[in-house]
Each structure stands twice: as structure tokens, then as C-alpha cells.
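Here is a walk through one structure, helix by helix. Keep the 3D view open as you read.

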Amino acid sequence: MAAWRGGRSLTWVTGAVTFLVSILTAFTGYVSQTNFDSQWIATQAKDGINATGGGAYFNVLNLGQMLMWHIVLLPIAAVVLTACMSSWSVPRRRAPLR
Ligand code: HEM
């Protein structure tokens, strides 16, 4: 626990954001299947996203847009975030004990 302490807050936040990005990647993959399940879920999600005002930016009924998020944009975001996290989580050199 307390993984954010000891100067690791940026690592913790990056990990949480990467987790959210992976959820979005899974969701956009699911709606890319174009079967009845995925069309139903996309229609429900469209209503939810429109209720928040986000529908102008993110159209879950647009297959091309969802596939592009799924196979290009979100994977790039996940890779970049993971690279940042790995470089930030290198342990700091501590001052020698006296
Ligand atoms: C973290 C990375 C990824 C996650 C978590 C993920 C997750 C998923 C999920 C949950 C599905 C629905 C699959 C199903 O239920 O049948 C899916 C479908 C799909 N994914 Fe991914 N995916 C990832 C990366 C990628 C990448 C890098 C590509 C291609 C370059 C890709 C291409 C596809 C395609 C084409 C489908 C639709 C498949 C179908 O028609 O059944 N995914 N993905």
C-alpha cells in the first residue's frame, strides 16, 4: 500500500492513467466487432456519452473512428505512458549512510 509515497507519485498517477487507457482500448475493441452485442453496447454507450456532452468528440457508433482509437491512438498512448512510467520509476540513488 501507499505506493504513491516516497517520491513515486508520478509513477502512481501514470499507472492509473495507463489503466484507464487500457479500459478504453478494451471497450473500443469490443465495439469494433460489429456483432449484435457490440452494436447494442455501442448504442447504450452513445446515450451515456451524449448525456455527459462528450458525444461531440467521441462517436461510438462510428466504426472507423472506434477502430482507429483501438488499433492506433490508444495503443500509442499506452506504449508512451508505459515508457514514461518505466523511466520515472528507476529508483533514486540515496545518499550514503553516515
Ligand atoms: C492493450 C491493447 C488491446 C486491448 C486491451 C484490446 C482489446 C480488445 C477487445 C476486448 C476486443 C473485443 C474482442 C472480442 O470480444 O471478440 C478487441 C477486438 C479487436 N482488436 Fe483489440 N485490443 C488491444 C490492441 C489491439 C491492437 C494493437 C490491434 C490491431 C493492431 C487490435 C485489433 C483488434 C480488432 C481488429 C478487433 C476486432 C476483432 C473482431 O472483429 O472480433 N487490438 N480488442
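Ala 78 is found in helix H3. The model is predicted, so treat what follows as computed from that prediction. Is Ala 78 buried or exposed, or in between? Ala 78 has 17 C-beta neighbours inside 10 Å. A buried residue needs 20 or more, and an exposed one has 12 or fewer. Ala 78 therefore counts as partly exposed.

Now look at what lies across from Ala 78. Setting aside neighbours within four places in sequence, Ala 78 is in contact with Thr 18, Val 21, Ser 22 and Thr 25. Leu 20 is 58 residues away from Ala 78 in sequence, yet the two C-alpha atoms are 9.5 Å apart in space.

Turn to Val 21. Again not counting residues up to four places away, Val 21 touches Leu 74, Ala 77, Ala 78 and Leu 81. Val 21 is buried in H1, as are Thr 28 and Val 31. These buried residues of H1 pack against helix H2 (36–52) and H3.

Next, check the helix lengths. H1 has 23 residues, and at 1.5 Å a residue they should span 33 Å. The end C-alpha atoms of H1 are 34 Å apart, which agrees. H3 does have a kink of about 45°, centred on Trp 69.

Trp 69 is buried too, along with Met 66 and Leu 74 of H3. H1 is part of what covers them.

Which residues make up the largest nonpolar core? There are seven: Val 21, Val 31, Ala 42, Val 60, Met 66, Trp 69 and Leu 74. H1 and H3 are the elements that give two or more residues to this core. H3 gives the most, with three. In soluble globular proteins, nonpolar side chains tend to be buried together.

Finally, find the ligand. The residues around the ligand are Ser 22, Thr 25, Ala 26, Gly 29, Tyr 30, Ser 32, Gln 33, His 70, Ile 71, Pro 75 and Ala 78. Helix H1 (9–31) and helix H3 (63–88) each supply at least two residues of this shell. H1 has the largest share, five residues. By class, the shell holds five nonpolar and six polar residues, and no charged ones.

Note on methods:
Residues numbered from 1 in each chain as written. Predicted model: local features only at pLDDT ≥ 70, side-chain atom pairs only at ≥ 80, totals over all residues. Near = placed C-beta within 6 Å. Helix = DSSP H or I, 4+ residues; strand = E, 2+ residues; numbered from the N terminus. Nonpolar A, V, L, I, M, F, W, Y, C, P; charged D, E, K, R; others polar. Expected span 1.5 Å × (residues − 1). Contact = placed C-beta atoms within 7 Å. Core = buried A, V, L, I, M, F, W, Y, C linked by C-beta atoms within 7 Å. Bend = angle between axes of the 7 residues up to and from the residue.
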